Amino acid sequence: MNRYKIIDIANWKRRELFTFFRKFDRQCVQVDAEVEAQALYDYAKKNGESFFLLALYAIARAANAVPEFRYRMLDGSPVEFERIDVMTPVIGPDDLYRNVSCECTPDFRSFKAKFIPIAEAAKKSAASIPERTPDFICASCLPWLHFSAISQAGRSGDEDIPVMAWGKLENGKIPVNVQVNHSFVDGLHICRFFDEIRRGFSAPQEL
């Protein structure tokens, strides 16, 4: 598990909001937005890279750039992880998906080097759901559909792990969905997350 610090609730500027939303039966909020991705797609084609993998890394890096996306509950206390990794489904030859996890490294090159062998091994294994500690995000791609909205599955009303999805490129844009827990994340932080995605998508050579 990645390193983390326990948040001192008594002196936390978010204390009132955190306490308020933790009482809700349904604490998660979702936002869908279109993001310009033509530059990312063109870069992938020109350089022989995977458009999926570039988008996955840009989204994971964007989540890491917003501290509120790294907040979790651990042993009954709110914590902030130093880094969060990414879990994503990959489809095997049986059309069933396997969730694979990968460290969110400082740059795309090292991320790709870690991710590809993990994903290839997973495709050859039986479909399964790995157990994970809370220091990750879920990010999945629907490359067949340019959706306008999507509703994410959840196990409970207080799910803390951010969940993302993105869809098919059309007219230079892809739809991106994000689900977060409102006790940790507000609209401002969601907008910062999307700003970080746009920054990565518009300058893929800097990933």
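## A buried strand and its partners

Eight of the nine residues of β9 are buried (under 20% relative accessible area; exposed is over 50%, partly exposed in between; 1.4 Å probe, protein chains only), so β9 is largely enclosed by the rest of the structure. This is a predicted model: local features need pLDDT of at least 70, side-chain atom pairs count only at pLDDT 80 or more, and totals for chains, interfaces and linings use all residues. Residues are numbered from 1 along each chain as its sequence is written, and side-chain values use heavy atoms, with hydrogens and water left out.

Strands and helices are DSSP runs, numbered from the N terminus (strands: E, at least two residues; helices: H or I, at least four). Two strands pair if DSSP finds at least two bridges between them. β9 runs antiparallel to β2, joined by nine bridges. V35 faces I174 of β9 there. β9 is also antiparallel to β8, with four bridges. A165 has N177 as its bridge partner in β9. Five residues separate β8 and β9 in a hairpin, and N171 in the turn has a positive phi of about 55°.

## The six-stranded sheet

The strand order is β2-β9-β8-β7-β5-β6, in an open sheet with mixed pairing. β2 (28-36) and β6 (97-102) are the edge strands, each pairing on one side only. Neighbouring strands are turned by 20° against each other on average, direction ignored. Axes are lines fitted to C-alpha atoms, for helices over the stretch in contact; angles run from 0 to 180 degrees between N-to-C directions.

β7 (residues 136-142) and β8 (residues 163-167) are parallel, with five bridges. S140 sits opposite A165 of β8.

## Helices across the sheet

Contact here means heavy atoms within 4.5 Å. Helix α3 (residues 51-65) lies across β5 (85-91), β7, β8 and β9 (173-181), at about 145° to β8. Helix α5 (residues 187-202) lies across β2, β8 and β9, at about 25° to β2.

## The three-stranded sheet

A second open sheet has the order β1-β4-β3, with antiparallel pairing. β1 (4-6) and β3 (71-74) stand at its edges with a single partner strand each, so one side of each lacks a neighbour in the sheet. The twist averages 40° from one strand to the next. Three bridges pair β1 with β4 (residues 77-81). K5 has E80 as its bridge partner in β4.

## Salt bridges

A salt bridge is a side-chain nitrogen of Lys or Arg within 4 Å of a carboxyl oxygen of Asp or Glu. The count is 14. One of them joins E82 and R3 at 3.0 Å, N to O. E82 lies in the loop between β4 and β5 and R3 in the segment before β1, so the pair ties together parts 79 residues apart in sequence. R3 is exposed, at 60% relative accessible area.

R83 and D85 meet at 2.7 Å, N to O. R83 is partly exposed at 25%, whereas D85 is buried at 8%. R83, D85, E103 and K114 are linked in a salt-bridge network. Elsewhere, E120 and K123 form a salt bridge, with the closest N and O atoms 3.5 Å apart. Both lie in helix α4 (residues 108-123), three residues apart, about one turn of the helix.
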